[in-house]
Amino acid sequence: MNWLRKLALAGAAFGISWGGAIWYWRETNRMPATSELALYMLVLPLVLLTTLWLGRKAWARISVPATAGATAAATPAIDAAPEAAPLPAALIIAASAIRVPHGASVDELRAALAGNQARPNLDSELQDDDGYPVMSARLRDIDEDALRDDLEAWRGKLQLANPRFDTAQWRALDAATSAVSELAAQAASHMYVAPWLQQEHERQQGRLPPNAVPVPVPPSLQLLAVWPADWTAQQREIADQWLRTVAVQAGWPQQRLAAPAPISDADDAGPALSKLLGHCGDSKHPCLAIVIAAASHLSENSIASLSAQNGLFSATHPQGRIPGEGAAGLLLADAAHASLITGRDDSGSVLQTIASGRRSASADDAKRDTDTSLAQAAEQALHNARLDGAAVTLVTADTGHRTSRVTELMHVVTAAAPQLDPGADVISIGSSCGSCGAVTWLTALAVADAEVQDRGGPVLCISNEDPYRRYAALLRPALAA
């Protein structure tokens, strides 16, 4: 295993330094000074290890292109390898929208992360069992009262049951409403929508000439919402209906909304994304979908629940969760419809593949973690995308501050993409935006999308905040796919 090799190397460096120093002092029959002890027992082995690490990184960067060039030069043109099989079906990320504590857009969040300004803070409204403010990641600009008025009026017209949302649920739904409105407006810029709506209006008014040529019909838009596990079925159903209404208000034709397809796995965006990727492989079925997740843990009930489970972060429990809130969504499309939305064939990034795994035991309870499900998922994602880990330019993740999750992520990054610097080339959303279920991973995917476009290379996106579920997604530039 990779960590065993590193441990053996460190032991060898310290053993050589210590053994050599002790032999020299015994042969010369002298007592070393304190400075000599520090130099030979600590500084020298660290210098040896640092030199070896830098040398290996330099050799990796030099040898890969050199080897590739030598291989290409030595292989005659007539012996060229057969054309590679096409990549698996992929989805273009036509747009993304996030509402998280440190940004109302991906650009805002990335700027806060780059400036080291994205950190949880002491909450001004919520306290723990001892009366101290809890550490939280709270959204700005939430107007739950206005949303309550709008939704109650809408619910009254449709005579829907009262969902009895609590404070945290209203806040989550407000964030989801804003994000879906943005994504639906982007979807409505599809080149088929305006002409089709105009022709439908003329038909309804009886002003459409009999010989009018039918215009292309927009694709059906799927709206897939991921809600926290503690929401009741009725609350999810009403929230889903509300978001469909929001999408229509933002400009998407109600007639072209696909039938509701509730997500069976609560607080898990992985199945929805994987299903869409599989569906995209059939060219007979155009794909256009909004995947949205929203959650909030900022209410007295949520804090009390975390405290009862001994899961709340505090000075005496640093491995607890820092409650967060927000919403994040992606507008996904096949290549043809993505170009009709963006107006370009090469814009955006591609969600190429998603690999999943499941731990045999909870990461919250593991003392010495030997589970390999995340490493296997990362390896499978790279394999499915026919990509070597050396090509990965960055890793984004939903990882938070807890030691078990950080250690697991670092082991996977070191094994899958050893050329990356864990300090500079890994962006962990959870440590900045708190614990927020599926929202955090969709936010990591949205950040990965922006990074792919800026860097022009593949980005690996990891999910390991859940105690059991593990995901690895590979995003790459649209042109490369």
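Me: Contact here means heavy atoms within 4.5 Å. Which strands does helix H8 lie across?

Reply: Helix H8 (residues 270–280) lies across strands E1 (91–99), E4, E5 (288–296), E6 (325–333), E7 (349–358) and E11. H8 runs at about 125° to E7. Axes are lines fitted to C-alpha atoms, for helices over the stretch in contact, and angles run from 0 to 180 degrees between N-to-C directions. Helices (H or I, at least four residues) and strands (E, at least two) are DSSP runs, numbered from the N terminus.

Me: What kind of model is this?

Reply: This is a predicted model: local features need pLDDT of at least 70, side-chain atom pairs count only at pLDDT 80 or more, and totals for chains, interfaces and linings use all residues. Residues are numbered from 1 along each chain as its sequence is written, and side-chain values use heavy atoms, with hydrogens and water left out.

Me: What is the mean pLDDT of the chain?

Reply: The mean is 86, and 81% of residues reach 70 or more. pLDDT is the predictor's confidence in each residue, from 0 to 100.

Me: Where does pLDDT stay under 50?

Reply: Over residues 63–83. The model has zero contacts beyond four places in sequence for that stretch. Where pLDDT is low, the predicted coordinates should not be read in detail.

Me: Back to the sheet. What is the strand order?

Reply: E4-E5-E6-E1-E7-E11-E10-E8-E9, in an open sheet of nine strands with mixed pairing. Two strands pair if DSSP finds at least two bridges between them. The edge strands are E4 and E9 (426–428). Neighbouring strands are turned by 25° against each other on average, direction ignored.

Me: In which sense do E8 and E10 pair?

Reply: Parallel, over four bridges. Val 395 stands opposite Leu 460 in E10.

Me: New topic. How many aromatic pairs are there?

Reply: Five. One of them is Phe 165 with Trp 231: the ring centres are 5.6 Å apart and the planes at 45°, so the pair is tilted. Rings of Phe, Tyr and Trp (its six-membered ring) pair if their centres lie within 6.5 Å; planes under 30 degrees apart count as stacked, over 60 as edge-to-face and the rest as tilted.

Me: Is Phe 165 buried or exposed?

Reply: Buried, at 9% relative accessible area. Trp 231 is buried too, at 5%. Buried means under 20%, exposed over 50%, partly exposed in between (1.4 Å probe, protein chains only).

Me: And Ser 124, buried or exposed?

Reply: Ser 124 counts as exposed, at 70% relative accessibility. Ser 124 lies in strand E2 (residues 121–127).
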